[in-house]
Amino acid sequence: MINILIPAMGNSVFFEKYYFPKLMIEINGETVLEKVINNFCQIKERHFIFVLSEKECNEFHTDNGVKLLTGGNCSIIRLKNETAGGLCTSLIAVEHINNDDPLIVANFDQIIDVNYQEVVDTFNAGGYDAGVISFKSIHPRWSYLRLDGDEVIELAEKCPISKNAIAGFYYFRHGSDFVEGAKRAIRKESSLNGRYYISSSMNELILMERRIGMYAIDKDAYHSFYSPDKIKEYEKTV
């Protein structure tokens, strides 16, 4: 069973004028939430873990949407307040992920044209303890990785240390590794402008001598919905 953790707490200035939360924004008649969950359909043995805004659950029933779309195969955590970043939000789910089960942590506002089961199988076949999906870019909105051969040796947030941008997908062969890496990153205050990112947990794994792999995709296979313009751009392609 693979745990798929979707931290969906962050607000965006790009969507402040929208009545519905980003998860409920429709793209060609289908909500972002539907697209995100359906994107993982190739992984047969899966369990979703969503961290949601309590306010959005009360007003727009986003938690009910998750339950319906996953057939109840999910755990839902409702938070009253935002945290200090995606790493902290993800760590809220510690009781569900601090174990030997594989873990995927993915952004809630993206889809990737890839077979996730194939990605996971590739990392496992390579003997990697963790892995990321990557595409080519140099834009500072993304996080980046540095390679030594085929192995990831460093990750950096919002700083292009290479042309290998991270597509908001992080795999851990054991969820407990993520938890340990996240705790170490927070203890070291490994943050950017006061916010903690998933990438810092992988840097800690590298220091713990864990092996990190990269799965490369074409840039056109990555679709981020971080702004209304990017949503309109995606709608024109499908």
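Cysteine 159 is partly exposed, with a relative accessible area of 37% (partly exposed lies between buried, under 20%, and exposed, over 50%, using a 1.4 Å probe and protein chains only). The model is predicted, so local features need pLDDT of at least 70 and side-chain atom pairs count only at pLDDT 80 or more, while totals for chains, interfaces and linings use all residues. Residues are numbered from 1 along each chain as its sequence is written, and side-chain values use heavy atoms, leaving out hydrogens and water.

**Cysteines**
- Cysteine 57 is buried, at a relative accessible area of 2%.
- The closest cysteine sulfur to that of cysteine 57 belongs to cysteine 74, 11 Å away, which is too far for a bond.
- The whole structure contains 0 disulfides (pairs of cysteine sulfur atoms within 2.5 Å).

**Helices α7 and α8**
- The axes of α7 (residues 175-187) and α8 (residues 198-207) come within 8 Å and cross at roughly 100° (axes are lines fitted to C-alpha atoms over the stretch in contact, with angles from 0 to 180 degrees between N-to-C directions).
- Helix α7 is therefore roughly perpendicular to α8 (65 to 115 degrees).
- Asp177, Phe178, Gly181, Ala182, Arg184 and Ala185 of α7 are in contact with Ile198, Ser200, Ser201, Glu204 and Leu205 of α8 (heavy atoms within 4.5 Å).

**Helix α9**
- Pro228, Ile231 and Tyr234 are buried in α9 (residues 228-235).
- Viewed down the axis of α9, these buried residues fall within an arc of 120°, so they line one face of the helix (the arc is that of directions from the helix axis to the C-beta atoms).
- Elements covering the buried residues of α9 include β2 (26-27), α1 (32-38), β7 (110-112) and β13 (222-224) (helices are DSSP runs of H or I with at least four residues, strands of E with at least two, numbered from the N terminus).

Terms used. Parallel < 35°, antiparallel > 145°, perpendicular 65-115°, else oblique.
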